[in-house]
Amino acid sequence: GASIFMGSSNGLPRFKTVALGVNDTPNSNGVYTQLDSARYIRVGSAAAHVIGVENNAYNLDSIDITGGGPFFPMLDHRRICDYSPFSSVDLAPGLMAFSSGDELYLVDIADPTDTRVAGSYVHGQLVWSVTLDGHLLHVVDQFGLHVYDITNRAAMAQIGFGQRSDLYGADVQGDFVYVARKNHGLEVFDVSDPTNPTLRGILSGADFEGVTVDGDYAYLTGSFVSGVADISDPDAPVLVWYASSNSDARNIQKFGDLVASPAGCGTVEVLDVSDPLVPMRLAAPVIPTCYSLDVAMSAGLILVAAQDDGMLTYPGHCAAVSAAPLPSLDSGFGRITIAPNPFNPQTRIGIAIPAPTVMTLRVYGLDGKMVKELYDGEVDAGHHEFTWDGRDVFGQPVASGTYITLLESPLGRQSRSMLLIK
């Protein structure tokens, strides 16, 4: 295998290619002298697009890592960005989206030798995540999920908004946007009508900040934890694997059977998820910095953008080490069924409890305020059923809309949305 490193030494910027075997120490083999450091990286069909710093200015470099091989990467094009530090990047065929503070930018990268800014927009709030999906751009900030129509790249326009708080990284698949919610877990938005993003499902009980989605599974990363959720039912995502990890970043990418995310200090978290229910942690090289910020992949190489020390890439076929799940979360605990859903005037909430415990079952509005407590006390193992009549704690009928039922117990937490229609 081969690895690539971009950084600086004695004031001289460089891009190094290093060899790396299983559990080997990387050794320098090549040099590319263009950027002082690499902050973000995405790999397109024709080039690696790296956002970094040179002479205190932000640049977007399109780098050919195929023509000369990984030992001789060549600069195709440089665009002097002159923007404030970037906060999120996403790539689609021929197009890059990124946020810079509260501003959104679209860059035409169809020709990596001549990249061009195709459009920009002042969002007005600090952006945490941008995700491209055809003619739509999904933007997450501290207030919720925003949807932009980018059909006319020179005049993008916001067309939808779903209000939530503490949202961070996001990914999109089909009609759904999956958003990691700090201190809460994962939330699923239905964007089949992009003008009206609707919360459909919630997975509670873990602190996640980044998510990438593939098929029936969402792969999650947070503050020194990694997780896998079954999202085959968007109304009831279920955590199926959860473990302590080295990861400490919002950025997470999936490439084939590998999931990679930057780690908080000196390494990268790489998981083999060929079996999503039993991920295996792979050996990773030590990064000569305490800040790895972004990951990408090309031709079997994982590329890591590291603050101040540049960009390191290495192959993922390293020795596997089991990442044992934490026992504190039981993925089989408390799966919730709701029928009918939608409902009027009442619905039944079924819960599976694997062992005797104490629990609370409450109904919340989308504003986070409790509407009614349905149960608080001891329960035996087995199936339990509760009824909600669409009334609040004062016995007053509540308005039509989406509500969340939240189950909490020492065994874990689960939640599910339900729709009251009048």
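1. In strand β13, V140 stands opposite L145 of strand β14, and the two strands, β13 and β14 (residues 144-149), pair in the antiparallel sense over six bridges, where pairing requires that DSSP finds at least two bridges between two strands. Strands here are DSSP runs (E, at least two residues), numbered from the N terminus. A hairpin with two residues between the strands is formed by β13 and β14. This is a predicted model, in which local features need pLDDT of at least 70 and side-chain atom pairs count only at pLDDT 80 or more, while totals for chains, interfaces and linings use all residues. Residues are numbered from 1 along each chain as its sequence is written, and side-chain values use heavy atoms, with hydrogens and water left out.

2. On its other pairing, β13 joins strand β12 (residues 127-133), again antiparallel and over six bridges, with V130 opposite V139. The β12-β13 hairpin also has two residues between its strands, and G134 in the turn has a positive phi of about 65 degrees. Six of the six residues of β13 (residues 136-141) are buried, so this strand is largely enclosed by the rest of the structure; buried means under 20% relative accessible area, exposed over 50% and partly exposed in between, with a 1.4 Å probe and protein chains only. In a regular strand, side chains alternate between the two faces of the sheet. Here L136, H138 and V140 point one way, whereas L137, V139 and D141 point the other way.

3. Leaving aside neighbours within four places in sequence, the contacts of D90 (heavy atoms within 4.5 Å) include R42, V130 and T131.

4. The search of the whole structure finds ten salt bridges, each defined by a side-chain nitrogen of Lys or Arg within 4 Å of a carboxyl oxygen of Asp or Glu. One of them joins D190 and R200 at 2.8 Å, N to O, and links D190 in strand β18 (residues 185-190) with R200 in strand β19 (residues 198-204), ten residues apart. D190 is buried at 15% relative accessibility, whereas R200 is partly exposed at 23%.

5. E408 and R362 also meet in a salt bridge, at 3.5 Å, N to O. Because E408 lies in strand β37 (residues 401-409) and R362 in strand β34 (residues 357-365), this pair ties together parts that are 46 residues apart in sequence. E408 counts as partly exposed at 24% relative accessibility, while R362 counts as buried at 18%.

6. Among the seven aromatic pairs found in the whole structure, F176 and Y178 form a tilted one, with 6.4 Å centre to centre and 50 degrees between the planes. Rings of Phe, Tyr and Trp (its six-membered ring) pair if their centres lie within 6.5 Å, with planes under 30 degrees apart counted as stacked, over 60 as edge-to-face and the rest as tilted. F176 is buried at 17% relative accessibility, and Y178 is buried at 3%.

Key:
Helix = DSSP H or I, 4+ residues; strand = E, 2+ residues; numbered from the N terminus.
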